Amino acid sequence: MEILFAITLGIMTACGVYLVLRARIFSVVLGLTLLSYAVNLFIFSMGRLTSGAPAVIGSVAEHADPLPQALVLTAIVIGFAMTAFVLVLALRNLKLSNTDHVDSQEPTP
Amino acid sequence: MALLLIILLPFLGIGLSRWWGRRGRSACALGAACAPAVALCVLLGQWGSFEEQTYVTHLPWLPQLGLNLALRLDGLSLLFGLLILGIGLLVILYARYYLSEHESIERFFAFFLMFMGAMLGVVLSENLLLMLMFWELTSLSSFLLIGFWSHNQEARRGARMALAVTGGGGLALLAGILLIGHIVGSFELSVVLQSGDLIRAHSLYPLALIFVLLGVFTKSAQFPFHFWLPRAMAAPTPVSAFLHSATMVKAGVFLLARLYPALAQSEIWFYLVSLTGLITLLIGALLAFFQHDLKGLLAYSTISHLGLITLLFGLDSSMGNVAALFHIINHATFKASLFMAAGIIDHETGTRDMRQLRGLWRYMPHTAALAMVASLAMAGVPLLNGFLSKEMFFAETLTQDLLGSFFWVIPVLATMAGAFSVAYSLRFVHDVFFNGRTIDLPKYPPHEPPRYMRIPVEVLALLCLLVGILPAYTVAPLLATAAQASLNTVIPEYSLAIWHGFNLPLLMSLLALLGGLVIYFLRNVLFTWFYGLPRLETTQIFEQCIKSVVETATWVNQRLENGSLQRYLSIVLVSMLVVVIVATAPLKSWVGSIPHTTPDAPMILGMLILIATSLGAAVLHRRRLVALSVLGVTGLTVSLTFLYFSAPDLALTQLVVEVVTIILIILAIFFMPYEVPAESTSLRRLRDWVVAIGSGVMMSLLVYAVLTRPYDSIAPFFLENSLVGGGGTNVVNVILVDFRGFDTLGEITVLAIAGLGIYGLLYGLHLAPPTKDYGGRSWSSDSHPMILDVVSRMLMPLALLISAFVFVRGHNLPGGGFIAGLITAAALILQFIAHGVDWTQKRQSISYHAITGFGLLLATLTGLGSWLFGQPFLTTAFGHFHWPWVGEFELATAILFDLGVYLVVVGSTLLSLSNLSHVGQDELAKEIQ
């Protein structure tokens, strides 16, 4: 399981990084979203992976580590705010420079 | 406190001189003179009290850093304090008449007094770090004073050069002081001066010494840093007289005297200090002789005399130290008066060029007489103070032995420099006051300056004579106490008599006098030879260096910052990779001790979906809608993954965020161009894949290494205290609103700011929506489909009910403010989608700004509320209550905090989404009409 999980996160990170390095803002937003999935899962997995042990007292005997969960919960919400901000910034930029290239200008051939 | 007062008085004097400045220039000068006069009285009053003992006051400032407001008064500080205040007072009087009507005398005195305060700080500091602060302040105020005539390009350049050289030296000195502090363990001089043996034995001693000496040599214009001093002559002459002869350039040699017990008495000190001093002495004397500018001559002569003082300290003998201090006093008196005389000549004739100035004796005999006394003191003629210290200097050059069989080099070169100093003194006297008649003076005929402008020169010239004839009755006690403080031991026996009988030093003096006369008579031959030499323009070399530094910086900057986001990101990512690789390199094996577990079918399926959709998004990213749908699947699978690994709260949050994010992105890509050109070159794609795969591999290895290793978590604390201390069974929620409530408060603040930022960015933004989709088909005019309309109306109350349910149960079961807020936001957005902006906003007359703000306020007030009960910020109170019909239930103040979180999430999410739907609104409305 550990190997599978690690490989999955690796592939998600690689795809996210590749997308972030593209020249069009949409791909970058896509990449950022993918990267934040990977990073959130990464932080989450620092509390180790356990099934059927939610951190709710009284429900089960064993509990998963609640701290990374709390961290990731806020990270998800903040990540959403960041994505929204980047998108809106891109729209504003689209209006100003008339291109969706990340450098605000079409590349000169 | 008296010492603090002495330093503060000049700074206070700035205000006084400005205040009185309104009543005229004399009142301004009087105001400026008050502070140093009072400070001088205070200092003299202290003289009696410390009685050759060190007097230290100590106020802690930043004791953690070793920085204290500690001041000391001993003989050395007293000597320098008297020089600074005494000569400062004379220069203030002189400057009153020197500066012309249209120049701002108030500004001049402000800079001047600032410098004076800083210089007093340097000599009175007990703490080395404090001293360094004042040291830098002298560099800064010197910059302002040199550039006082800021309309003059030479002045600006000179100021900049002086600041660059002395400021750079200051940095080196800081390094040196930090090293000394590291070795000794304290920055207090009383400790440092007692630890000479400890410092010299330490392996860092040579480094510390070199850094300190860099500071000293730059400040005191020693070779090869001497070039700034002649350029600083662009300053008004009172500045040159005060800063560049009597005080600031002496700060360097002051430091040599100050740190003598701590750093001297080693071979490296001897070689570095004495040889630098010797070269500076010789070069300064030579170049001084060949200057045509009066102030240029004095500047190089100052360099030469500073070299002489440095050489004396470098000879590393107690007597050398005494002689150096004696020469500091003498040089300050005769050089300051010479500068003032040069200023008077410049003032009255309009030029400083010695080829034009001739025969001034017939126009200004009084000034000429004073200048002659001072120049003869500079030349070292008997019966004047310069002769005494020069005799001591010659005597000292004969006692050193570290150069072995070449010991004679130092006395021979010293005599040569002495001869040149006689020659340039003669030039100053004979060329200017005799030697025929004046040639083309800008102001003709010259006459004596105002009475009071001459007084400072008279006082100093008188001092030269008094010290020269009656040393034992004038300077001896001051010199003795200063030397005692500098050496920190018993001072050697010496006599300040004029006549010591026929001996070798006297012979050297006579040789220097004769040699000087010979050189002066051969001056025309020497000038022809000198001006045949290739010119070495130090200014140009310096400017060239600065220029090349700027060019290199620009080049590096352009490589790094070329305006391409892709470049920046790859630099950031590669650096991150390097950091991770370096950090994990010491790891012996990636496999840890925990045995692997076998994955079950749902897990394998989920991971495969994640892999497939991630790759799909990367490959299909140019087809936007498809890529977005694929990404949606990834997000939902992530949510399931959280659920599978016992994180229901995360699963819920991820689920709702996923929905809202996808809606947001769809709204945004509606305005973006459909076409995504395939523009990356193969090379670029290769680079990106290398970076991407590198990051992926490191991520995998890291996760694998962590997951197969045991760990020790602080989780048990939260699990144990959640119910007892926080009153909730859902530990994740209790952490958010209670244990780490302050973090959450910060996070919702960020969320609110992001919402407002988005509102600001979207305000007034209109984008033309496309009329056709990428297949070339027109958009449907039916913007609000019927089925969605009906369903959404029914869904709305249901969704709000669920949201309320999730919110209330959040403290004990999965849920809470974040999730409930997102559910409410999603429900409201659905209304926007189903009915359009106008329809929805008519029915929702709430301001999202207000909701966000109120939520933040509520959360903060809940936190502050605990102060009323004497508890720390954000302490939760909870209790169990009996409610009829419902039964026993629990109420915690954390629910109020969570309500704040809820409101902020709703407010800022809708702030972004509802405004985004406005963007195309106006144009769309027009199109439809």
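Let's start at Gln265(B), which sits in the loop between helix H13 (260-263) and helix H14 (267-289) of chain B. Helices here are DSSP runs of H or I with at least four residues, strands are E runs of at least two, and both are numbered from the N terminus. Phi of Gln265(B) is near 65 degrees, a positive value in a residue other than glycine. Most residues other than glycine have a negative phi, and most peptide bonds are trans. Gln265(B) counts as partly exposed because it has 14 C-beta neighbours inside 10 Å. The cut-offs: 20 or more other C-beta atoms within 10 Å is buried, 12 or fewer is exposed, in between is partly exposed, with C-beta atoms placed from the backbone.

Before going further, the ground rules. This is a predicted model, where local features need pLDDT of at least 70, side-chain atom pairs count only at pLDDT 80 or more, and totals for chains, interfaces and linings use all residues. Residues are numbered from 1 along each chain as its sequence is written, while chains are lettered from A and ligands numbered from 1 in the order in which they are written.

Next, another loop in chain B, between helix H9 (205-219) and helix H10 (228-231). Ala221(B) is in that loop. Its phi is positive, about 50 degrees, although Ala221(B) is not a glycine. Is Ala221(B) buried or exposed? Ala221(B) is buried, with 28 other C-beta atoms within 10 Å. Pro224(B) lies in the loop between H9 and H10 too. The peptide bond from Phe223(B) to Pro224(B) is cis, with omega near 5 degrees.

Now two helix residues. Pro602(B) is in helix H27 (residues 601-619) of chain B. Pro602(B) counts as exposed because it has 12 C-beta neighbours inside 10 Å. Thr641(B) is 39 residues from Pro602(B) in sequence, and their C-alpha atoms are 9.6 Å apart.

Gly900(B) is in helix H38 (residues 894-916) of chain B. With 25 C-beta neighbours inside 10 Å, Gly900(B) counts as buried. Which residues does Gly900(B) touch, not counting residues up to four places away in sequence? They are Gly855(B), Leu856(B), Leu858(B), Ala859(B) and Thr862(B). Touching, or contact, means C-beta atoms, placed from the backbone, within 7 Å.

One helix pair. The axes of helix H5 (residues 128-146) and helix H6 (residues 153-184) of chain B come within 8 Å and cross at roughly 175 degrees. That makes H5(B) roughly antiparallel to H6(B). The label applies to angles over 145 degrees; under 35 is roughly parallel, 65 to 115 roughly perpendicular, and the rest oblique. Axes are lines fitted to C-alpha atoms, for helices over the stretch in contact, and angles run from 0 to 180 degrees between N-to-C directions. The H5(B)-H6(B) contact has 14 nonpolar, 7 polar and 1 charged residues. Nonpolar is Ala, Val, Leu, Ile, Met, Phe, Trp, Tyr, Cys and Pro; charged is Asp, Glu, Lys and Arg; the others, Gly among them, are polar.

Zooming out. Chain B has 39 helices and 4 strands. Of its 929 residues, 48% are buried. Chain A has 3 helices and 0 strands, and 63% of its 109 residues count as buried.

On to the interface. 77 residues of chain A are in contact with 99 residues of chain B. On the chain A side, the elements giving two or more residues are helix H1 (2-20), helix H2 (25-45) and helix H3 (66-97). H3(A) brings the largest share, 22 residues. By class, that side has 53 nonpolar, 15 polar and 9 charged residues.

Last, the cores. A nonpolar core is a set of buried Ala, Val, Leu, Ile, Met, Phe, Trp, Tyr and Cys residues joined through C-beta atoms within 7 Å. The largest has 201 residues, and those with the most contacts inside it include Met119(B), Leu325(B) and Cys464(B). Leu325(B) touches several residues beyond four places in sequence, among them Leu79(B), Ala257(B) and Ser486(B). A second, separate core has 130 residues, including Phe44(A), Ala55(A), Leu822(B) and Phe897(B).

Key. Two residues are in contact if their C-beta atoms, placed from the backbone, lie within 7 Å.
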